[in-house]
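Reader: I am new to this structure and would like to learn how to read its backbone and its strands. Could you take me through some features slowly?

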Amino acid sequence: MPRHPSRPAQEALTLTPIAITRSCFRDKFGVPRQPGLTLHAHADLIIQSPFDREDAFRGLESASHLWLTFQFHEAVRAEWRPVVRPPRLGGNKKMGVFASRSPFRPNSLGLSVVRNRGIIRRDGKLILQISDHDLIEGTPILDIKPYLPFADSIPEASLGWAESAPTERMEVMFLPEARIQLSQLSPELYPDLQALIEDVVSYDPRPSFRRGQEEERIYGAHLYDLNIRFRFVNRGPDQCVEVLTVC
C-alpha cells in the first residue's frame with residue numbers, strides 16, 4: 001500500500017481548548033517561573049462545551065496532582081527563534097529553545113504539574129479547581145491528565161543547569177497601610193493572599209538585569225483584581241521587599 005505524504009504541520013492538528021483559566025495571576029509579571037514555587041496560587045479551570053460533563057472527569061478525584069497542557073496565549077508570535085535566554089541563567093546565556101522551558105516556542109505550548117482541588121459546578125458551569133500553578137488569566141487548557149508518581153517522578157533525572165528549585169528568597173515586609181488593607185479583604189475571595197504575595201515578590205520578579213539593585217521605582221503585580229505595589233530596599237547587607245499597598 002503506498003504511503004501518503006505527511007501533511008504540513010500547520011494542517012496536521014486542530015486543538016480545541018478544554019478549559020479556560022480564571023487565575024489569581026492577571027498578567028505575566030510576578031508569575032512564578034515554574035509551577036510549585038508558590039503553594040498559595042489558586043485558579044478555576046472553566047470547562048468548555050462539549051467537555052463540561054461530569055462523566056469526563058469520573059475518577060479524577062483520586063489524583064492529587066494533574067498534568068496540564070496549555071497554550072502560552074500571550075507569547076504567540078508569528079515567527080519562532082531557535083535560541084532563547086533563560087532567566088535562570090541570568091538572562092545572558094543563550095540556549096536552544098528545545099533545551100529550555102521558555103514560553104516563546106514554535107507551537108506556544110506549555111506543560112505544568114498542578115494540585116487537584118476537585119470538580120464543582122457553580123452557576124451552571126463545571127469547574128476544575130487547582131492550586132500551586134503558574135497560569136495567567138485566560139490561559140487555554142488543551143489537555144488534562146493525572147500525574148502518575150511511579151512513572152512521572154524520576155529521582156535520578158538531571159539537567160546540568162537549574163538542577164534545584166531557587167532557594168534564595170528575600171525578606172518581605174508589609175508596611176502598615178498594606179497590613180490594614182489585607183485585614184479588610186475576604187479570605188474566601190482572596191485565599192492565602194498574604195502568603196501568595198510573599199511568594200511572588202520574595203523571588204524578585206524583576207528582569208534579570210535589575211535584580212539585586214536598590215531602586216526608587218515602585219513595582220506593581222496584579223493578583224486577582226488587586227494591584228500589589230512594592231519596592232526593593234537595602235537593609236544592612238541584605239535587600240528586602242517592602243509591600244506598600246494591597247488595593
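This is a predicted model: local features need pLDDT of at least 70, side-chain atom pairs count only at pLDDT 80 or more; totals for chains, interfaces and linings use all residues.

Reader: What should I have in mind before I look at the backbone angles?

Author: The general idea is that most residues other than glycine have a negative phi, and that most peptide bonds are trans. In this structure, the peptide bond from Ser49 to Pro50 is cis, with omega near 10°, and Pro50 belongs to the loop between β2 (42-47) and β3 (65-71).

Reader: Which phi does Asp192 have, and where is Asp192 found?

Author: Asp192 is not a glycine, yet its phi is positive, at about 55°. Asp192 sits in the loop between α3 (176-183) and α4 (193-202), and with a relative accessibility of 40% Asp192 counts as partly exposed.

Reader: How many residues lie between β6 and β7 in their hairpin?

Author: There are two residues between β6 and β7, and Asp123 in the turn has a positive phi of about 50°. Asp123 is exposed, because its relative accessible area of 75% is over the 50% cut-off.

Reader: Which strands are joined to β7 by bridges, and how many bridges are there?

Author: β6 is joined to β7 by seven bridges, the two running antiparallel, while β2, also antiparallel to β7, is joined to it by five bridges. Ser131 in β7 stands opposite Arg115, and Ser131 is also the bridge partner of His42.

Reader: Why is β7 described as largely enclosed by the rest of the structure?

Author: That description applies because five of the seven residues of β7 are buried, where buried means under 20% relative accessible area.

Methods: Residues are numbered from 1 along each chain as its sequence is written. Side-chain values use heavy atoms; hydrogens and water are left out. Helices (H or I, at least four residues) and strands (E, at least two) are DSSP runs, numbered from the N terminus. Buried means under 20% relative accessible area, exposed over 50%, partly exposed in between (1.4 Å probe, protein chains only). Two strands pair if DSSP finds at least two bridges between them.
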